Amino acid sequence: MEKVKNVKSIAVKFNLDDGISPDVKSKKRVLSEMEGIYYNNEELKKMLSKGNPIVYEFYDLDIPESEGNIKFGTTILYPGKVGNEFFMTKGHFHEILDTAEIYYCIRGHGYMLMENTEGNVEVQEMTAGISVYVPPGFAHRSINVSEKEPLISFFAYRADAGHDYKTIEMKGFRKLVLEKGGKPDIIDNPKWIK
Ligand code: PAN
Ligand code: ZN
């Protein structure tokens, strides 16, 4: 087996209150980058005419993308809705499909929505202290169901896993998490494409 060479140890701070690292620049996803991701794109366009808020930010540390390394960081998903659909991440499969991921929720209230290519759907509620195992082969998306708090989680995955966003952009997830009567409601996605 080949050895992973020349990787130094690192220590990175992620704040427990806002999930932000003072040491590293985050990647930010603003609403205009989420076109076609929410089921009500008309509502998204209406919102964009008034501003372009950050929906989430996350860290992509400079760790070599090889099999023996692990990428890690936090995702900070802000509260908000597009129509009655809660703010969420784009979601993706890993390019190396059979690679898992671990999330540890630091703050907030949300869900991890997961599905594999065989059509199995998994949903896990996330609150502070809960860790979620995303099994190999499952696309995953975080959803913030809190009206006021960010959903902050720490993640770790095999560094060479890669990200396939296209499949979800084209097909969507099989399920949607919508607000109904002040509560999250998980429904079949009427726009899901087989
Ligand atoms: C996470 C995600 C992060 C942002 O690091 O990349 O939460 O979500 P999207 O990538 O779906 O926009 C991860 O799952 N990495 O594999
Ligand atoms: Zn992932």
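I first noted the classes: Ala, Val, Leu, Ile, Met, Phe, Trp, Tyr, Cys and Pro count as nonpolar, Asp, Glu, Lys and Arg as charged, and the others, Gly among them, as polar. The model is predicted, so I kept to its limits: local features need pLDDT of at least 70, side-chain atom pairs count only at pLDDT 80 or more, and totals for chains, interfaces and linings use all residues. Residues are numbered from 1 along each chain as its sequence is written.

I found about 200 Å³ of space in the second largest pocket. Its lining has 16 residues, with Gly36, Ile37, Gly172, Asn189 and Lys191 closest to the centre. By class I read eight nonpolar, four polar and four charged. Helix 2 (residues 166-171) gives the most to this lining, four residues; helices (H or I, at least four residues) and strands (E, at least two) are DSSP runs, numbered from the N terminus.

For the largest pocket I noted about 330 Å³. Strand 11 gives the most to its lining, with three residues.

I found three strands in an open sheet, order 9-8-11, with antiparallel pairing (strands pair if DSSP finds at least two bridges between them). Strand 9 (121-127) and strand 11 (138-144) each have a single partner strand, so one side of each is left without a neighbour in the sheet. Seven bridges join strand 8 (residues 109-116) to strand 9.

Definitions and conventions:
Chains lettered and ligands numbered in written order. Heavy atoms only, no water. 1 Å grid on protein atoms, 1.4 Å probe; cavity = no way out; pocket = protein on both sides within 12 Å on 5 of 7 lines; lining within 4 Å. Points joined across faces, edges and corners; volume = space filled by probe spheres on them.
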